[in-house]
Amino acid sequence: MAEGQLAHISVGEMKSYFLYSMRCSWLRSEAENEIMHQDLVPLCAADIQEQLRKRFAYLSGGRGQDGSPVITFPDYPAFSEIPDKEFQNVMTYLTSIPSLQDAGIGFILVIDRRQDKWTSVKASVLRIAASFPANLQLVLVLRPTGFFQRTLSDIAFRFNRDDFKMKVPVIMLSSVPELHGYIDKSQLTEDLGGTLDYCHSRWLCHRTAIESFALMVKQTAQMLQSFGTELAETELPNDVPSTSSVLSVHTEKKDKAKEDLRLALREGRGILESLQEPPAEGTVQGVNQDQLDSQATVQRLLAQLHETEAAFDEFWAKHQQKLQQCLCLRHFEQGFREVKAALDAVSQKVVSFTDIGNSLAHVEHLLKDLASFEEKSSVAVERARALALEGDGLIDNKHYAVDSIRPKCEELRHLCGQFSAEISRRRGLLSKALELHSLLETSMKWCDEGIYLLASQPVDKCQSQDGAEAALQEIEKFLETGAEYKIRELNKIYKEYESILNPDLMEHVQKVFQKQESMQEMFHRRQASLKKLAAKQTRPVQPVAPRPEALTKSPCPSPGAWRGPENYGSEGSALRRGPYRRAKSEASESRQGRGSSTGDEEESLAILRRHVMNELLDTERAYVEELLCVLEGYAAEMDNPLMAHLISTGLHSKKSVLFGNMEEIYHFHNRIFLRELENCIDCPELVGRCFLERMEDFQIYEKYCQNKPRSESLWRQCSDSPFFQECQRKLDHKLSLDSYLLKPVQRITKYQLLLKEMLKYSRNCEGAEDLQEALSSILGILKAVNDSMHLIAITGYDGNLGDLGKLLMQGSFSVWTDHKKGHTKVKELARFKPMQRHLFLHEKAVLFCKKREENGEGYEKAPSYSYKQSLNMTAVGITENVKGDAKKFEIWYNSREEVYIIQAPTPEIKAAWVSEIRKVLTSQLQACREASQHRALEHSHSLPLPTPASTSPSRGNMRNTKKLEERKTDSLSLEGYVSATLSKPAEKGKGWSKASHSLEAPEDDGGWSSAEEPINSSDAEEDGGVGPKQLVPGKYTVVMDDDKGEPNTLNMRSGDVVEVVEEGTEGLWYVRDLTSSKEGWVPASSLCVLLGKSSSAQCLNSSESSPGSAVLSNSSSCSEGCPVTFDLHA
């Protein structure tokens, strides 16, 4: 079956549907004919339930001797008052209950009037005779039993016999025993002296239930038949979503139908159980004929329901199988389309690989590209093979669309084989090219070496006989090596490499061969000269070495000269994208406030505001129309099949690259922003609110601007496409598409100019604050867009720029570096030679990049930035002022191990950067204080206490806690203090160095210093050892063994790395031995000896970083470890 063709119902499904439909028809017929005779009597017990409850007549189920149904009219005093309509309904309903066969025999009426008068008897008989709707066989009347009434009835009956002339005999009975002569006692109820068990209310309940069940069966049969017809007439959809939807809807309807069937079966079984209940105790008679008929009817209906359910299940199974097969087919067809498109694309791509390379390196590069392309294409190939196997599975499972599936499987295998063959052919050609270029380059190299040999032979030595002989031997030895490097026969080369030879390559082979021949000719001439010198001629001949000028004029150029520049790229290589850089700068405007404002001034300002508003609206409407024109005239036409032949290959599937998110911008302006601007036409000064309420929506321009370089590059490649020319002709545009692609960039910059104008004329108006805020927000968006354009131009950064936090500032600076551990000459040289760096300040790091201007046009001329290094802001400090230049400031790292002197273009830019860095460090400092407070408080409760004999534990604990509380209190202040809080173990990170634990202060005058704590100066740390007064918390290396082994103290060994945590009482320090994982209290004097002149591990090296402190100079710096040291500037 061809794709898209509707599947016809199968023979098996047709048979099952026919059987199922027949079952439904029989079920409905059974419910109608055998229960309620709906074609004759449209009455149900539920319809005349109140009339039946009066019991003026009932069908007890008794039968006459010939099987005639017996209808009893009991003594009912108000019989004459029954309306004719009610009487007729009851008679009609009672005569419809027996089967048609029994009713055809005729009914026997038993009229009990023993307690009545003759006049009533006469009226009753006449009424019944006149309106009985069925055949009558016999009428038995029990006349009144009173003496007077009985005598009266005898006389009246004789005289009025003609009035009772009926089609059947009417027999007047004087007593019940006479009645038993006509009807057996077993067929009469107890009130007529019989033994028949009859309860009118029970009979009425059963009749109502049976008829309700019959109606349910009829409705169920109609529903099933209708549902079956719907399933049989369903046309199979041609796509996966529609097929899934049809399968889901049909399954849901099937479940509903099955539930209705189960309800009907449950109802029928309940009625049958009720009918089959044994008679009450004490009754002799069993089940009467009417009850047996009711039971048989319900049983037949239940049987029909079961058969219908089985037929429905069989039909549904076949229908469901067909739908599931259809869904599998649609999935297969969808996968086939996708896989075929992918295979066609890769096949077309590999066919387009015609380049065989122009050098050995180029061919090797092409082979790598081919291998990479084959690896990427293997996904499509493997998917195609898997899909073909899936199709084989469908065929094996006897799918109804085998004729459609099998050709597709064969086509997939053919495409896979064709692609593999093309890859192999392409690899064979490149291998041949690699072999030829290897031969050519080897020959070229041999020629170059030979020419160099000739040029390097010393002329003066060759003038002697021995020197000439030596040079001659050297030449002969070199020529012997040429056997394996030389190209011997051009024709043989042409024949062997005929499949890859193109005019350029053939020309290259010829040039190499010519160079080889020229070089050999030079060797032959040199050999001839040297042989003459070696022959001891009386007149020496002075050979001349070839001059370098001669070499440069050689007819055979070097391989590099033939190959051209080495900046070729493989197929599919991406173009370099320069960042988008806005060239237009904003001019600041200022306006002097007027001393007074008259009515004329206010009116003129209002006119100016309306003028600005009109300009805003007019330009907005024109902007929206231009966007729509581009989207309909260019973007939509790229999907037009009639224009497909005009679209160049470079434009295929590139609509999103060319137009970016222009459609999103158009919908925002057309549906939202333009309408809101139009609402402000009467109050222009309130237009600022429109901008503020939609400021988040303007972020879409950032995405558009970031895509602009790619769009610009694609336009330059394909601007001469006939497609664009045809679209421009249809639109009657004077400008080409690139002018319109620039419209969104121009528009977002236009808003701030219009807002400035509106603000100029609205200084004293209600919406002035909103206008000012809107202007600031628009400028912020422009800055964010500009910054993002610079960010996407950063190259060489391995991490994720998003992890660095928000970009706060960026700009170009002159940078000097000064590192403590650097070489002296490097340090001195660095002070005089600045580097030009572009800095990006993020919340978590500052990046140093080198700006590289690109050659090109438009956005490709924008700069790119090569990443050089980054500094983690948790380990950074700043010095605001550097002597001699108001534009300089310092950024230092790891407590001045690395110092970067930054020179801004202007003092204002410097001030802005210093202010922003100060904000970042201050926010880090605040977070660090809170964490330090929390840890100090916890640590004060967790440290073990020293227990010397002279000091009670409680006293020492109080002193330690007091000291911790003092430090915690001091850390809350920013002025003139030194904090020595606990440190936590270092976390080794990737990319940035962690903050050091150095306690030194900056050395320049612009930094901060402290006269109160000499331990915090860099000089104090560099000059001396560690004395008792100089111990500070930190990490150290033990330089000698602890041989004393004092009790209650920590024993340490040389080489152990220890952490000095906290000073206790009586000159004891709490120390952790990180090597042995032990901890305890150590006397300060012993600790100083053990540590000797070991410097604190707080100084960061290249292999290990530890948490520590940083120094805040005119700002703040906070490490990740949170212990902080501040030297405040006086």
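Predicted model: local features only at pLDDT ≥ 70, side-chain atom pairs only at ≥ 80, totals over all residues.
## Helices side by side

Let's start with helix α9 (residues 240–275) and helix α10 (residues 289–351). Their axes lie 10 Å apart and meet at an angle of about 165°. Because angles over 145 degrees count as roughly antiparallel, α9 and α10 are roughly antiparallel to each other. The residues in the contact of α9 with α10 divide into 18 nonpolar, 14 polar and 6 charged. As for handedness, α9 passes α10 in a left-handed crossing.

Helix α10 also meets helix α11 (residues 360–396). Here the axes come within 10 Å and cross at roughly 150°, so α10 is roughly antiparallel to α11. Again the handedness can be stated: α10 passes α11 in a left-handed crossing.

## Rings that meet

Now turn to the aromatic side chains. How many aromatic pairs are there? The count comes to 29 aromatic pairs. Two of the pairs are set out here.

| Pair | Arrangement | Centre to centre | Angle between planes |
|---|---|---|---|
| Phenylalanine 79 and phenylalanine 87 | edge-to-face | 5.7 Å | 90° |
| Phenylalanine 227 and phenylalanine 312 | tilted | 6.0 Å | 45° |

In the pair of phenylalanine 227 and phenylalanine 312, one ring comes from helix α8 (residues 200–232) and the other from helix α10, so the pair ties together parts that are 85 residues apart in sequence. Both phenylalanine 227 and phenylalanine 312 are buried.

Are phenylalanine 79 and phenylalanine 87 buried or exposed? A residue counts as buried when its relative accessible area is under 20%. Phenylalanine 79 has 4% relative accessibility, so it counts as buried. Phenylalanine 87 has 2%, so it counts as buried too.

Which residue places its charged end over the ring of phenylalanine 87? That is arginine 127, whose charged end sits 4.9 Å from the ring's centre. Arginine 127 also lies over the face of phenylalanine 79, at 5.7 Å from that ring centre.

Elsewhere in the chain, Phe668, Phe673, Phe691, Phe698, Tyr701 and Tyr751 form one aromatic cluster.

## Apart in sequence, together in space

Isoleucine 748 belongs to helix α26 (residues 743–760), and its relative accessible area of 1% makes it buried.

Leucine 658 and arginine 710 make another such couple: 52 residues separate them in sequence, and 7.4 Å separates them in space, C-alpha to C-alpha. You can find leucine 658 in helix α20 (residues 655–659). With 1% relative accessibility, leucine 658 counts as buried.

## Two backbone angles to look at

Most residues other than glycine have a negative phi. What is the phi of arginine 55? It is near 60°, a positive value in a residue other than glycine. Arginine 55 sits in the loop between α2 (49–53) and β1 (58–63). At 30% relative accessibility, arginine 55 counts as partly exposed.

Lysine 398 has a positive phi as well, of about 60°, although it is not a glycine. Where does lysine 398 lie? Look in the loop between α11 and α12 (402–456). Lysine 398 has 72% relative accessibility, so it counts as exposed.

Methods. Residues numbered from 1 in each chain as written. Heavy atoms only, no water. Axes fitted to C-alpha atoms, helices over the stretch in contact; angles between N-to-C directions. Helix = DSSP H or I, 4+ residues; strand = E, 2+ residues; numbered from the N terminus. Parallel < 35°, antiparallel > 145°, perpendicular 65-115°, else oblique. Left-handed = near helix turned anticlockwise from the far one by under 90°. Nonpolar A, V, L, I, M, F, W, Y, C, P; charged D, E, K, R; others polar. Phe/Tyr/Trp six-rings, centres within 6.5 Å; stacked < 30°, edge-to-face > 60°. Buried < 20%, exposed > 50% of the residue type's maximum accessible area, 1.4 Å probe, protein only. Lys NZ or Arg CZ within 6 Å of the ring centre and 35° of its normal.
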